[in-house]
Amino acid sequence: MEAFLVSTGIVALAEIGDKTQLLAFLLAAKFRKPLPITLAILAATLFNHAFAAAIGTWLTSMLGPETLRWVLGISFIVMAGWILIPDKMDEDDARLAKFGVFLTTFIAFFLAEMGDKTQIATVALAARFDSFLWVVAGTTFGMMLANTPAVYLGDRIAGKMPVKLVHRIAAAIFAVLGVATLLGAGARFGF
């Protein structure tokens with residue numbers, strides 16, 4: 001359950017102001033069909049995060065406990081810094097409208113998530129917790145917590161969200177996880 005809750009919280013916070021959340025706002029404004037947009041976000045996120053978690057789980061099996069502890073600790077600290085860098089929406093992600101609402105959203109979200117902060121976080125979280133199912137469930141739930149309101153409420157909430165504060169909180173959580181991992185807090189998980 002810890003893997004689910006930590007994964008949910010980190011990704012939900014990291015997603016505020018992220019390019020995929022900006023993409024959700026854009027697609028909602030363009031298509032005005034929230035249900036297929038939300039379902040496509042869910043499908044793309046499940047597919048993308050399952051792939052990322054599989055890599056994280058594989059890393060756990062490939063690296064020794066001491067090496068994995070250092071890799072994860074440093075990765076979390078790097079993520080803390082990266083989360084503070086604002087994302088910008090790539091206009092090419094929104095140019096897929098010819099495929100219809102669901103497929104456009106699926107493709108755009110899948111591509112936008114490749115190498116994104118939340119995908120990299122999913123790799124690290126899966127390696128940290130060695131719990132593929134709970135990490136994928138948590139990171140996906142976190143994405144949906146951040147993006148579903150963006151789709152349904154759009155411009156009504158966009159200007160009221162304290163994005164910098166949320167990013168600082170997410171960065172602090174990543175930093176704490178990094179330091180805790182480096183100090184051996186993951187010993188009960190074998191690293």
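**View 1. Helix α3 from end to end.** α3 has 29 residues and spans 41 Å from its first C-alpha to its last, close to the 42 Å expected at 1.5 Å a residue, a figure that is 1.5 Å times one less than the number of residues. Helices here are DSSP runs (H or I, at least four residues), numbered from the N terminus. This is a predicted model, in which local features need pLDDT of at least 70, side-chain atom pairs count only at pLDDT 80 or more, and totals for chains, interfaces and linings use all residues. Residues are numbered from 1 along each chain as its sequence is written, and side-chain values use heavy atoms, leaving out hydrogens and water. Among the buried residues of α3 are Ile37, Ile41, Asn48 and His49; buried means under 20% relative accessible area (1.4 Å probe, protein chains only).

**View 2. The largest nonpolar core.** Here 19 residues come together, and Leu23, Leu27, Ile37 and Phe109 are among those with the most contacts inside this core. Such a core is a set of buried Ala, Val, Leu, Ile, Met, Phe, Trp, Tyr and Cys residues joined through side-chain atoms within 4.5 Å. Two or more residues come from each of α2 (19-31), α3 (34-62), α5 (101-113) and α7 (132-153), and α2 gives the most, with six.

**View 3. Around Ile37.** Beyond its neighbours within four places in sequence, Ile37 is in contact (heavy atoms within 4.5 Å) with Leu27, Ala28, Phe31, Val101, Thr105 and Val151.

Terms used: Buried < 20%, exposed > 50% of the residue type's maximum accessible area, 1.4 Å probe, protein only.
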